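Student: Could we go through this model together, one question at a time?

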Amino acid sequence: MSGRMLQFQLTRCFVVALTMLAGMSEKNAVGHDPVAAPHGKAYQSMFPEPTAVLATDVPDRILVSWTDSPDRSFSVTWRSLKSPDAVAEFAPATDGPEFTKNIQRVAADTAPLATNLGQVHMHAATFSDLEPNTLYVYRVGNKRTVSLPSGDAKGVEQHTRDYAWSEWIHVRTAAPFEGEVTPARFVYFGDAQNDLKSHWSRVVREAFRDAPKMTFMLHAGDLVNRGNRDEEWGQWFHAGDFLLSSIPQLAIPGNHEYDVDPANKSNGRSLSTRWPLRFEFAQNGPKGSSENIFYVDVQGIRLIGLDSNIDPKSQAVWLEEVLKNNPNRWTIVTHHHPIHSTSRGRDNAGLRDAWQPLYDKYGVDLVLQGHDHSYGRTAPLERNETSGKQVVREQTGTVYVVSVSGPKQYSLKDYEEAEENPFESRGEDLQLYQVIDVTHDRISYQAKTATGRLYDQFEIIKADDGEKKFVSPEETPAE
Ligand SMILES: [Fe+2]
């Protein structure tokens, strides 16, 4: 090929390449313009993609809760694949890394858990004799079943060679209660249940942005859709991530934590064997309970968790004792199925008959519930035992809340007679979280939507003699 011909060919190639590039860039520009991607329904019921499903030696799905006095102790659970030797370490937190010179180690209790995705091990450890209202660091570790490569093992301390560890995690112990309430703030979630990674994550994370110094989180049942499906718990942990290991968690089971166990199908639907391994709650419930019924006293609040999936009458005797012998300033009860239902065809008369008389008798302040996939909040109610009607009694009554934090939504119930509607505030097609502040003289409640928008609020003010005053939304000062 002559020099002139070569130059011509090269020029042609260059022009062709430029034309192609120009065409591509034009095509890409079109491709970058947003186009409508319509989704058939707001609640997508997505396939629960496995999230961190494969357990290893490295601790994961770490969760902090209270087994004992929240001002003196906290407990932690986590999982690993094998690791018969699991340990946890703790120390008071310091401004720099020197807390590591003051570490104490405790052994964990370990139990195997058969899941639909294979066997893992669950571990639980409790840190006790702590100082109240103090920031601690802790970490959890599993003895390695796979040794570090010899090159990597050089230059690391023995405890790192021997154990795979979590990060150091901060947890603050609660303040003591000696008659005066130290302000506490907690966040309550109705059913998360569905599309946990896709749709619940933004709610729990917005709640954290809103109330980062919260004392605890409370889940009123149906944390997942199928209590024995490991990938759903993986999604729950993906959504909550480090919040679940650094903010004490309280929860009671919903109907979806009652599930057929793939390792024990003959049992039928029963409380997931995972529940008492996953959560370390006080074992102070009625005989035979499995951390599904308990109470905990935190900063002058007695928080009582009931299991509305099982016979309510059998829990009433225990409930009355716990309500009667209660030195706390405030009483908050949580269970999954509501005493007053917000959605159609979901009345729970048995619960109302068994438990509301006790709430009335002992002046329970607040009942936090889920299950109906819509929102409702009453004024302080009591039941007139003669007529059976709900009446507003500001000074002594109980405020009932039904809420939902996940994306699954049901329609509100229609009332034939307006006076039959016990709710002061109701809503549907909402994902909500509640920020609840408790001080010595008041409970301040705010329901917020997934975007952090204030949706509903009220206050309960309590005098020293125990008489209450209810401040409704119109009177409650806006943010
Ligand atoms: Fe439910």
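Predicted model: local features only at pLDDT ≥ 70, side-chain atom pairs only at ≥ 80, totals over all residues.

Tutor: Residues are numbered from 1 along each chain as its sequence is written.

Student: What percentage of the residues in the chain is buried?

Tutor: The chain contains 9 helices and 27 strands, where helices (H or I, at least four residues) and strands (E, at least two) are DSSP runs numbered from the N terminus. Its C-alpha trace spans about 110 × 60 × 50 Å along the principal axes. A residue is buried if 20 or more other C-beta atoms, placed from the backbone, lie within 10 Å of its own, exposed if 12 or fewer do, and partly exposed in between. Of the 479 residues in the chain, the buried share is 44%.

Student: Which residues touch the most other members of the largest nonpolar core?

Tutor: A nonpolar core is a set of buried Ala, Val, Leu, Ile, Met, Phe, Trp, Tyr and Cys residues joined through C-beta atoms within 7 Å. The largest one has 102 residues, and this core draws at least three residues from each of domain 1 and domain 2. Leaving aside neighbours within four places in sequence, Val187 is in contact with Ala207, Ala211, Met214, Met217, Tyr433, Gln434 and Val435. The core members that touch the most others are Val76, Phe186, Val187 and Val367.

Student: Are the axes of H8 and H9 roughly parallel or roughly antiparallel?

Tutor: Helix H8 (residues 312–324) and helix H9 (residues 349–362) pack with their axes 10 Å apart and at an angle of about 10°, the axes being lines fitted to C-alpha atoms over the stretch in contact and the angles running from 0 to 180 degrees between N-to-C directions. Angles under 35 degrees count as roughly parallel, over 145 as roughly antiparallel, 65 to 115 as roughly perpendicular and the rest as oblique. H8 and H9 are therefore roughly parallel.

Student: Which residues does Pro312 touch, not counting those up to four places away in sequence?

Tutor: Pro312 lies in helix H8 and counts as buried because 20 C-beta neighbours fall inside 10 Å. Its C-alpha atom is separated by 9.2 Å from that of Arg352, 40 residues apart along the chain. The residues that Pro312 touches are Gly350, Leu351, Ala354 and Trp355.

Student: Which elements do the buried residues of H5 pack against?

Tutor: Helix H5 (residues 230–240) is mostly covered, with 10 of its 11 residues buried, including Trp233, Trp236 and Phe237. Just after H5, Asp241 takes a positive phi of about 45°. The buried residues of H5 pack against S1, S5, helix H4 (196–210) and helix H6 (243–246).

Student: Is Asp429 buried or partly exposed?

Tutor: Most residues other than glycine have a negative phi. Asp222, in the loop between strand S11 (216–219) and H5, has a positive phi near 50° and is buried, with 27 C-beta neighbours inside 10 Å. Asp429, in the loop between strand S23 (423–427) and strand S24 (432–438), has a positive phi near 55°. Because 15 other C-beta atoms lie within 10 Å, Asp429 is partly exposed.

Student: How many Å apart in space are Thr378 and Pro59, C-alpha to C-alpha?

Tutor: Thr378 lies in strand S19 (residues 375–378) and is buried, with 23 other C-beta atoms within 10 Å. Leaving aside neighbours within four places in sequence, its contacts include His340, Val399 and Phe423. Thr378 and Pro59 are 319 residues apart in sequence, and their C-alpha separation in space is 43 Å.

Note on methods. Domains from an automatic or database assignment. Contact = placed C-beta atoms within 7 Å.
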